[in-house]
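Subject: Structure for you to look at

Hello,

Here is the structure I said I would pass on. Please open it and keep it in view while you read the rest of this message.

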Amino acid sequence: MADPRLHPSGSRDESDGRRLYDPYQDLNIPTAYKNLYDLPTSPEFLFQEEALVHRRSWGENLTYYTGVGYLSGAVAGAALGLREAAQAAERADTAKIRANRLLNSCGSAGRRVGNRLGVIGLLYAGMESGMVTARDGHDDWINSVVAGLATGALFRAAQGPRSAAVAGALGGVLAAAAMAAKQAAKRYAPAAF
């Protein structure tokens, strides 16, 4: 028969009659230790006013759009660089030269496109946050569309007024399409948002 001191009162594994080891049994913790690991799933806020706001701050917005723009641009640019490297490959090239060409082409195109999209994200976040401030905290689709218009126009302003107008219109249309897609996703897939 087993010594009861080796297996003091604790949970039992019913399948083979042995008791499971409980590392917290001798600590005499007044509250259940499992509550230590029962973490909340909702965000916690220091002030109640912060909990009522359902929008990122301007700094978070700036970081988010710039980061997403740069990352997506870098991935798209690397794909373009991969295509360029594949087209420039010659039969006589060694594997080392092909790998070098591939890495150089992907890195160069990835940086170029990533920087452009990162700047566009930076401009868009600044314009959108400025619109929210100018409209006394109203956050709706108008801010996004105007920010898209202004971002496109500002990004292409150096190429002339016609190019700025076309880019502004394209930016407004893209922002409106993104807002429509977001609303459709909220409506038809509410668990994801």
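Below is what was found in it, starting with the overall picture and ending with one residue.

Please keep in mind that this is a predicted model. Of its 193 residues, 19% count as buried. If you take the contacts with a separation of 6 or more, 51% of them are between residues 24 or more positions apart.

Next, the helix pairs. Two packed helices are described by the angle between their axes and the distance between the axes.

Helix α2 covers residues 58–88 and helix α3 covers residues 95–134. Their axes are 5 Å apart, and the packing angle is about 155°. An angle over 145 degrees counts as roughly antiparallel, and α2 is therefore roughly antiparallel to α3. The crossing of α2 past α3 is right-handed. The contact between α2 and α3 is made up of 18 nonpolar, 15 polar and 5 charged residues.

The pair α4 and α5

Helix α4 is formed by residues 141–155, and helix α5 by residues 161–188. The two axes come within 6 Å and cross at roughly 150°. By the same cut-off of 145 degrees, α4 and α5 are therefore roughly antiparallel to each other. Here too the crossing is right-handed, with α4 passing α5.

Which residues of α4 meet α5? On the α4 side they include Trp141, Val145, Gly148 and Leu149. On the α5 side, Ala164, Gly168, Gly172 and Met179 are among them. Sorted by class, the contact of α4 with α5 has 10 nonpolar and 6 polar residues, and no charged ones.

Asparagine 143 lies in helix α4. Is asparagine 143 buried or exposed? Buried means under 20% relative accessible area, and the value for asparagine 143 is 0%, so this residue is buried. Leaving aside residues up to four places away in sequence, asparagine 143 touches Glu128, Met131, Val132, Arg135 and His138. For histidine 138 there is also a distance to look at: its backbone oxygen lies 2.6 Å from a polar atom of the asparagine 143 side chain.

Regards

Key:
Residues are numbered from 1 along each chain as its sequence is written. This is a predicted model: local features need pLDDT of at least 70, side-chain atom pairs count only at pLDDT 80 or more; totals for chains, interfaces and linings use all residues. Side-chain values use heavy atoms; hydrogens and water are left out. Axes are lines fitted to C-alpha atoms, for helices over the stretch in contact, and angles run from 0 to 180 degrees between N-to-C directions. Helices (H or I, at least four residues) and strands (E, at least two) are DSSP runs, numbered from the N terminus. Angles under 35 degrees count as roughly parallel, over 145 as roughly antiparallel, 65 to 115 as roughly perpendicular and the rest as oblique. A crossing is left-handed if the near helix is turned anticlockwise from the far one by less than a right angle, and right-handed if clockwise. Contact means heavy atoms within 4.5 Å. Ala, Val, Leu, Ile, Met, Phe, Trp, Tyr, Cys and Pro count as nonpolar, Asp, Glu, Lys and Arg as charged, and the others, Gly among them, as polar. Buried means under 20% relative accessible area, exposed over 50%, partly exposed in between (1.4 Å probe, protein chains only). A polar contact is a pair of N or O atoms within 3.5 Å; within protein, one must be able to donate a hydrogen and the other to accept it, and residues adjacent in sequence count only if both atoms are side-chain atoms.
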